[in-house]
Amino acid sequence: MIGKAAIILGGYIASYVALVFFCSNLWLAIALGFVLSQFYVMVGFGIQHDGTHESFSRHKWVNRLAGMGLDFLGASSTMWKYRHNFVHHTYTNIAHVDDDLETLNILRLSPHHDWKPWHRFQHLYCFLVYGILAVFWIYVSDFQKLQSGKLGKYNIPDFSVADKVVLFGGRILFISYSMILPSFFHPFWQVVVANALILMVVGY
């Protein structure tokens, strides 16, 4: 597990460093951005997911640290724990309770959701929706749920001060290294486009 985590984190950091500090070619940037997006997903599935499920290590603090890999990626590990461990695994695929089914009615993922005329075409536009999922998650979703205190019909336990520090600190760290730092080396519009495309691949 430790070896796998080291390889994944090493790949994430190496592809990020190569993209930000050493890349000036469009095609190389596309290739490195794609590689970075794959390591991003691997941190989520191969480190954070196991840590938040407390199956990464027999030590609680190691699991907590591994789970915070999601905060490193710009989302909240604490919110994920409530959303995924408590709600999704308890009420799997139950409409209006399992938050994984909720898409603001853009997609219809359950026969218990209201049908809308545009759902007739969701097989055509679902790929775009999945693509913007990561962007929405990082910049909107976690904050909405923190403010409302709800995941569907489930009441989220109050975040501790430490949980809020990790949530906001992780978000500041992510924006700093994904948006602000690269802007010292590349035009800002290119950084915005690159971030959007990388996160779209991650969401998809």
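1. In helix H1, the buried residues are Ala5, Ile8, Gly11, Tyr12, Ser15, Tyr16, Leu19 and Val20. Viewed down the helix axis, these buried residues fall within an arc of 145 degrees, so they line one face of H1. The model discussed here is predicted.

2. The buried residues of H1 pack against helix H2 (26–52), helix H4 (69–72), helix H7 (161–180) and helix H8 (188–203). The face turned away from this buried side carries Ile2 and Ile7, which are exposed.

3. The length of H1 may also be checked. Helix H1 comprises 20 residues (residues 2–21), and at 1.5 Å a residue it should span 28 Å. Its end C-alpha atoms are 28 Å apart, in agreement with that expectation.

4. A nonpolar patch lies on the surface, formed by Phe21, Phe22, Ile180, Leu181, Phe184 and Phe185. Together these residues have about 660 Å² of accessible area. One of them, phenylalanine 185, is placed in the loop between H7 and H8. Phenylalanine 185 counts as partly exposed because its relative accessibility is 45%, and partly exposed residues are those between the cut-offs of under 20% for buried and over 50% for exposed.

5. Lysine 116 belongs to the loop between helix H5 (77–88) and helix H6 (122–148). With a relative accessible area of 28%, lysine 116 is partly exposed. Between lysine 116 and leucine 197 there are 29 Å in space, C-alpha to C-alpha, and the two are 81 residues apart in sequence.

Methods
Residues are numbered from 1 along each chain as its sequence is written. This is a predicted model: local features need pLDDT of at least 70, side-chain atom pairs count only at pLDDT 80 or more; totals for chains, interfaces and linings use all residues. Side-chain values use heavy atoms; hydrogens and water are left out. Helices (H or I, at least four residues) and strands (E, at least two) are DSSP runs, numbered from the N terminus. The expected span of a helix is 1.5 Å times one less than its number of residues. Buried means under 20% relative accessible area, exposed over 50%, partly exposed in between (1.4 Å probe, protein chains only). The arc is that of the directions from the helix axis to the C-beta atoms. Contact means heavy atoms within 4.5 Å. Patches are made of residues with over 30% relative accessible area and no salt bridge: like charges are joined within 9 Å, nonpolar side chains (Val, Leu, Ile, Met, Phe, Trp, Tyr) within 5 Å. Accessible areas come from the Shrake-Rupley method with a 1.4 Å probe; for residues, only the protein chains shown count as cover. A salt bridge is a side-chain nitrogen of Lys or Arg within 4 Å of a carboxyl oxygen of Asp or Glu.
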